[in-house]
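Please keep the structure open while you read this note.

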Amino acid sequence: MKAVYFEEFGVLPVLRELPEPLLSAAGVIVRVEATGLCRSDWHGWLGHDSDIGLPHVPGHELVGVIDAIGPLVRRFRVGQRVTVPFVCACGDCPECDAGNGQVCRNQTQPGFTHWGSYAERVALHNADVNLIAIPDDLDAGAAALLGCRFATSYRGLVHQAGLQAHETLVVVGCGGVGLSAVMIGQALGATVIAVDISADALDAATRVGAAHVVNSAGLSDSEVVDRIRALTVDGAQVSLEALGRENTVAIGIRSLATRGRHVQIGLLADDPRMPLGTVIARELTVLGSHGMPAHDYPALLDLVLSGRLRPQDLISQRISLAEAPAALAAMSTPGAPAGVTLIELG
C-alpha cells in the first residue's frame, strides 16, 4: 500500500510503498477514504510522543470502509463505512468497565501506538468496542473530523463542563480544535466568545458561530481578560483552552465567573503555572478532555446528521496523500491558513 512514512523525527516524510497492515483477531483493516491533518500528528513527527517508535506512519483522524475483519468481530462487516475515536479502548480494564474508554489504561492509538491513517489502509483494534458506523452519504470531512477534534471538544463541553444553552463560552485559540468548540457551543445555544491573535482565525470563528471575537495580538494578558469580561456579565460560565500555552490557560481561567468551569484541551510541552488563587477564590473547576468513547458518539452524530453541526465547514483545504508530507512540515511555520486540512484518498 502507499503511505506517508518517516524514519527519523523531524525529517521530511516520504510517500512510499509499504507492507499491508496486520489484522488482529478482534480488529479490522479499514480502507482510508479521508484523514485529517492534525497538530497532534505534527507533535508526533517531531518526537514529542513517547508512544511512537520508528519507522512510523502518522494519522489518527479518519473515515473509511472496512476491508477485512478478524474472527472475533461481531458487530461490523466488510464494506461498512466507519470512523473511530483516536483513543481505541480495550473494553476490559476498570476504566472501560466504568464507561471511560477514552482514558483506557491499555489504549491503542492509530498514528501513535501503531501505524496510522496517512495510508491507503490502516489497522484498528478491538473493533466491536471502538468503531462507529457512518452513513454513506455523510461528507468525508465531517466524518473524519469526528474522530479527534470534534469528539474531544464535544466531550469537554457537554460531558465534562455541562455547557448549557443560556451560558457564555470563551474559546481561547481558534485552530481546528478551537473552531470545533466554537461550532459546538453555538449549536448548543451558548453565546461564544473567540480569542486568537490571528484575524483570519477570528473571521473563521465568526463564520462558524462566535457571537464576539477578541483579537489578542499586541495586548497584555490582563487586557485580553478585561476585554473578554467586558463582553459578559461578571465573566463566562465556561472557558476552553485549545492552544497549549501557559499564559492562554491563565487567560481562560481568569475570564470565568464565580463557580465557572475551565476545560483544558491544548497540549502543553511542560506543566504550566496556574492562577490557583483565582481558582480558589471563585470556586472554579478545571477539567481535562481526552477524546470520547465510541458509545457516546450517537448524540454528537445526531447533531451532525440534523445539520445543526457541520464539521465540513471547517475544512479550508483538501489535499492528496502525496501532498501530506509538505503540509505536515508546513505546520512548523507561523501563518498557517485558518481551518482544517483534509487528506483525501478517494
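1. Arg273 is exposed, because its relative accessible area of 66% is over the 50% cut-off. The model is predicted, so treat this as a computed value. Arg273 forms a salt bridge with Glu246, at 2.9 Å from N to O. This pair links distant parts of the chain, 27 residues apart. Glu246 sits in helix α9, and Arg273 in the loop between β12 and α10. Glu246 is partly exposed, at 30% relative accessibility.

2. Next, look at Glu20 and Arg121. Their salt bridge has its closest N and O atoms 2.6 Å apart. Glu20 lies in the loop between β2 and β3, whereas Arg121 lies in strand β6, 101 residues apart. Glu20 is partly exposed at 42%. Arg121 counts as buried, because 18% is under the 20% cut-off.

3. Lys2 pairs with Glu17, with 3.5 Å between the closest N and O atoms. The bridge connects strand β1 to strand β2. Lys2 is partly exposed, at 38% relative accessibility. The count of salt bridges comes to 13.

4. Now the nonpolar surface. Met274, Leu276, Ile280 and Val286 make a patch of about 360 Å². Ile280 belongs to helix α10 and is exposed, with a relative accessible area of 65%.

5. Finally, the second largest pocket has a volume of about 170 Å³. Which element gives the most to its lining? Helix α11 does, with three residues. The lining divides into nine nonpolar, one polar and two charged residues. Among them are Arg75, Phe76, Asp128 and His295.

How values were computed
Residues are numbered from 1 along each chain as its sequence is written. This is a predicted model: local features need pLDDT of at least 70, side-chain atom pairs count only at pLDDT 80 or more; totals for chains, interfaces and linings use all residues. Side-chain values use heavy atoms; hydrogens and water are left out. On a 1 Å grid over the protein atoms alone, a cavity is a set of points where a 1.4 Å probe fits but cannot get out, and a pocket is an open set with protein on both sides within 12 Å along at least five of seven lines; lining residues have an atom within 4 Å of a point. Grid points are joined across faces, edges and corners, and a volume is the space filled by probe spheres set on the points. Helices (H or I, at least four residues) and strands (E, at least two) are DSSP runs, numbered from the N terminus. Ala, Val, Leu, Ile, Met, Phe, Trp, Tyr, Cys and Pro count as nonpolar, Asp, Glu, Lys and Arg as charged, and the others, Gly among them, as polar. Patches are made of residues with over 30% relative accessible area and no salt bridge: like charges are joined within 9 Å, nonpolar side chains (Val, Leu, Ile, Met, Phe, Trp, Tyr) within 5 Å. Accessible areas come from the Shrake-Rupley method with a 1.4 Å probe; for residues, only the protein chains shown count as cover. A salt bridge is a side-chain nitrogen of Lys or Arg within 4 Å of a carboxyl oxygen of Asp or Glu. Buried means under 20% relative accessible area, exposed over 50%, partly exposed in between (1.4 Å probe, protein chains only).
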